[in-house]
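Subject: Handover of a structure and notes on its contents

Dear colleague,

Please find below the sequence and the structure that I am handing over to you. My notes on what was found follow directly after them.

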Amino acid sequence: MYGTTRERAATRTPADVAGIRAAGRVVWEVLEALARAAAPGVTTADLDRLAAARTRELGAAPAFLGYHGYPATLCISVNDEVIHGIPSPDRVLEEGDLVGLDFGAVLDGWFADSARTVAVGRPSPEGERLLAVTRAALARGIAAANPGRHTGDVGAAVQRHVEAAGFSVVRDFVGHGIGRRLHEPPQVPNFGTPGTGALLRAGMVIAIEPMVNAGGREVETLDDGWTAVTRDGSRSAHFEHTVAITENGPEILTLPEGVPLEGA
């Protein structure tokens, strides 16, 4: 899924990064529309249709639809669903739900990928804290993504913040390189030891995506073959950005210039 172990992570030219940034702007626009639309009474299939329509309007194509057979434009994961939830007309959002919105787009052959978890209406205090901790964990992971450091530094920064808050980091799924394909080397775990893992070099582009559970870290996949849920039924949150490694530090390609990074 992420390429062979012998495949070297690509480094991109400034023009390449600009192409990924353009795809990233599409991803951000679609997620903004979805976040506004997530309300009580809306179905996850409604949100999927909105994502598909907005992607077409922006001149891009969905990255997930058909990927390894995935049947939808959007991954929508509600409450105890961690990632890869399949939209359904039977899944109606309710007040207090936590809804993970994971979306990727391809534009002119360049891929970008981002995710955010939003609350439907007013979240519970624990739900609000889970969202805040996961947002902040992503910000810390991004801050660690500098040339000369390693993927283990990114994962360690995420893990430290999450576990200090009493939550757990999912280990079955990880971040990844991205560019001409949705998933490229290197893998970017949300846990690890500083100084270990793949070396980060200027020009690399990676997707950093903490998946954080309120309870234990264990997950299992439902019979649909896609939806991953927490084994103990606890709620989960997921935030992600596509990030370029530059000599001047990490540059977020799925966040428009001037828009602050939440949790930083």
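Helices (H or I, at least four residues) and strands (E, at least two) are DSSP runs, numbered from the N terminus. Two strands pair if DSSP finds at least two bridges between them.

Two remarks on the origin of the values are needed. This is a predicted model, in which local features need pLDDT of at least 70 and side-chain atom pairs count only at pLDDT 80 or more, while totals for chains, interfaces and linings use all residues. Residues are numbered from 1 along each chain as its sequence is written, and side-chain values use heavy atoms, with hydrogens and water left out.

The strand E4 and its partners

Strands of a sheet pair through backbone hydrogen bonds, either parallel or antiparallel. E4 and E5 run antiparallel and are joined by 10 bridges. Within this pair, Leu98 stands opposite Ala119 of E5, and Gly104 stands opposite Asp113 of E5.

E4 also pairs with strand E2 (residues 75-78), in the antiparallel sense and over 4 bridges. Here Ser77 faces Gly100 of E4 as its opposite residue. Strand E1 (residues 61-62) is another antiparallel partner of E4, with 2 bridges. In that pairing Pro62 stands opposite Ala105 of E4.

How far is E4 enclosed by the rest of the structure? A residue is called buried under 20% relative accessible area, exposed over 50% and partly exposed in between, with a 1.4 Å probe and protein chains only. Because 10 of the 10 residues of E4 are buried, the strand is largely enclosed by the rest of the structure. Both of its faces are covered: one side carries Leu98, Gly100, Asp102, Gly104 and Val106, the other Val99, Leu101, Phe103, Ala105 and Leu107, and all of these are buried. Strand E5 (residues 110-119) is mostly covered, with 9 of its 10 residues buried.

Leu98 as an example

Leu98 belongs to strand E4 (residues 98-107). Its relative accessibility is 0%, and therefore Leu98 counts as buried. Contact means heavy atoms within 4.5 Å. Apart from its neighbours within four places in sequence, Leu98 is in contact with several residues, among them Ser77, Val78, Ala119, Leu130 and Arg235. Gly127 is also one of these contacts. Leu98 and Gly127 are 29 residues apart in sequence, and their C-alpha atoms are 7.3 Å apart in space.

Two open sheets

Strand E10 (residues 211-213) pairs with E13 over 3 bridges in the antiparallel sense, and Asn213 stands opposite Ser236 of E13.

The other open sheet to note has 5 strands in the order E8-E7-E9-E14-E15, again with antiparallel pairing. Strands E8 (184-188) and E15 (249-252) stand at the edges with a single partner strand each, so one side of each is left without a neighbour in the sheet. Strand E7 (residues 175-177) and strand E9 (residues 205-208) pair in the antiparallel sense over 2 bridges. The bridge partner of Gly177 in E9 is Ile206.

Two packed helices

Axes are lines fitted to C-alpha atoms, for helices over the stretch in contact, and angles run from 0 to 180 degrees between N-to-C directions. Helix H1 (residues 14-37) packs with helix H2 (residues 44-57) at an angle of about 150 degrees, their axes being 10 Å apart. This angle makes H1 roughly antiparallel to H2, where under 35 degrees counts as roughly parallel, over 145 as roughly antiparallel, 65 to 115 as roughly perpendicular and the rest as oblique. On the side of H1 the contact is made by Glu29, Val30, Ala33, Leu34 and Ala37, and on the side of H2 by Leu47, Leu50, Ala51, Arg54 and Thr55.

With kind regards
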